[in-house]
Amino acid sequence: GNQRLWFGGEGRGEDPRSQTEDLGDNSVAASAYGVKNLRRVMDALPQWTHQDNDRYEDLQTMFRAVHDQFGRYLNHVAKNIGSRYNNNMPGEEPYVEVPVERQREAVAYIGEQLFDAPQWLYPDAILTKLGTDAMGQQTAQQGNMLKRLMTPIILYNIDNTKGYALDTYLNDLFAQVWKPLDSTNDCKAKARRQLQRTYVQNMNALLNPSEADLKGASARYYNTDATLYLLQHLQQVEDFCQQQKKAADGINALHYGELLNDLKLIRERRPTVK
């Protein structure tokens, strides 16, 4: 009866409570604490890695290490979404869905820590010494995570569970991505526009899969009710873009105009019965 004695394998299965380089039964809370520590480390890196004669090899090494660890925290959290627990305790069901509250916490964590561009990862005091492409790295990491959260298998898994309804999941994901472009921070605004473009591109890939997708290992995940929920969700995205375009000006107005055009093309590409 002592849950502290639970053993879930070597961390390479589906159970998010058992992951390599992760201890505890709540990777969301643990990763939130981890980020607090990484922020302290990042602030101190210039001092802790100081080398004479304007050399920055140690700074480069530790800067990358902080970024790698941040990525591990994100992966630990993301594993909760669309997953299940594997129980090996007597009297318990062998497979149990991750509680919907934990999955929703994971989506919110990713939105807060990654989709709201984490500028603390790219302090000017370090970037000027290393010449890092901060925007490229940041948008790539955001895009990769968003694609992971919108893969056909994730949508299929969620749609075939009793707890986390797929339309609720899509609404939660929508809330973390489709925020008004009102940030006065230019880097955050650029990252948010790219994130929204990526979201639309992902929807196109899901609703208009290529021949290779329909013949590959994930083919069966495209012909499900998830498609119906995505079509419903497409309208939600379109309504948001239309609303924001009316209030926007300059580059933001152009941004929403381009997205509306892309959404129109997604509908036009949809196969029809002749």
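## Legends to the close-up views

**View A. At a relative accessible area of 49%, E268 counts as partly exposed (buried is under 20%, exposed over 50% and partly exposed in between, with a 1.4 Å probe and protein chains only).** The model is a predicted one, in which local features need pLDDT of at least 70 and side-chain atom pairs count only at pLDDT 80 or more, whereas totals for chains, interfaces and linings use all residues. Residues are numbered from 1 along each chain as its sequence is written, and side-chain values use heavy atoms, with hydrogens and water left out. The side chain of E268 meets that of K264 in a salt bridge, with an N to O distance of 2.5 Å (a side-chain nitrogen of Lys or Arg within 4 Å of a carboxyl oxygen of Asp or Glu). K264 is likewise partly exposed, its relative accessibility being 47%. Both residues belong to helix α11 (residues 250–269), where, being 4 residues apart, they are separated by about one helical turn (helices are DSSP runs of H or I with at least four residues, strands are runs of E with at least two, and both are numbered from the N terminus).

**View B. L260 also lies in helix α11.** This leucine is buried, with a relative accessibility of 17%. When residues up to four places away in sequence are not counted, L260 touches E238, C241, Q242 and K245 (contact means heavy atoms within 4.5 Å). G111 is 149 residues away from L260 along the chain, and the C-alpha atoms of the two residues are separated by 23 Å.

**View C. A salt bridge joins E14 to R84, with their closest N and O atoms 2.6 Å apart.** E14 is in the segment before α1 and R84 is in strand β1 (residues 84–86), so the pair ties together parts of the chain that are 70 residues apart in sequence. E14 counts as partly exposed, at 29% relative accessibility, and R84 is partly exposed too, with a relative accessible area of 34%. This salt bridge is one of 10 that the structure holds.

**View D. Helices α1 (residues 27–48) and α3 (residues 100–115) have axes that come within 10 Å and cross at roughly 20°.** That angle makes α1 roughly parallel to α3, and the crossing of the two helices is left-handed. The axes are lines fitted to C-alpha atoms, for helices over the stretch in contact, and angles run from 0 to 180 degrees between N-to-C directions; under 35 degrees counts as roughly parallel, over 145 as roughly antiparallel, 65 to 115 as roughly perpendicular and the rest as oblique. On the α1 side the contact is made by V28, S31, A32 and V35, and on the α3 side by R102, E105, A106, Y109 and Q113. By class, the residues of this contact divide into 5 nonpolar, 2 polar and 2 charged (Ala, Val, Leu, Ile, Met, Phe, Trp, Tyr, Cys and Pro are nonpolar, Asp, Glu, Lys and Arg charged, and the others, Gly among them, polar).

**View E. Within helix α3, the side chains of E105 and R102 form a salt bridge of 3.3 Å, N to O.** The two residues are 3 apart in the helix and are thus separated by about one helical turn. E105 is partly exposed at 36% relative accessibility, whereas R102 is buried, with a relative accessible area of 17%.

**View F. Helix α3 packs against helix α5 (residues 134–149) at an angle of about 165°, the axes being 11 Å apart.** The two helices are therefore roughly antiparallel to each other. In this packing I110, L114 and F115 of α3 meet Q141, Q142, M145, L146 and L149 of α5. The contact of α3 with α5 has 6 nonpolar, 2 polar and no charged residues.

**View G. N202 is placed in helix α8 (residues 186–207).** This asparagine is buried, with a relative accessible area of 11%. Apart from residues up to four places away in sequence, which are not counted, N202 touches L146, K147 and M150. L146 is also one of the α5 residues that meet α3.

Note on methods. Left-handed = near helix turned anticlockwise from the far one by under 90°.
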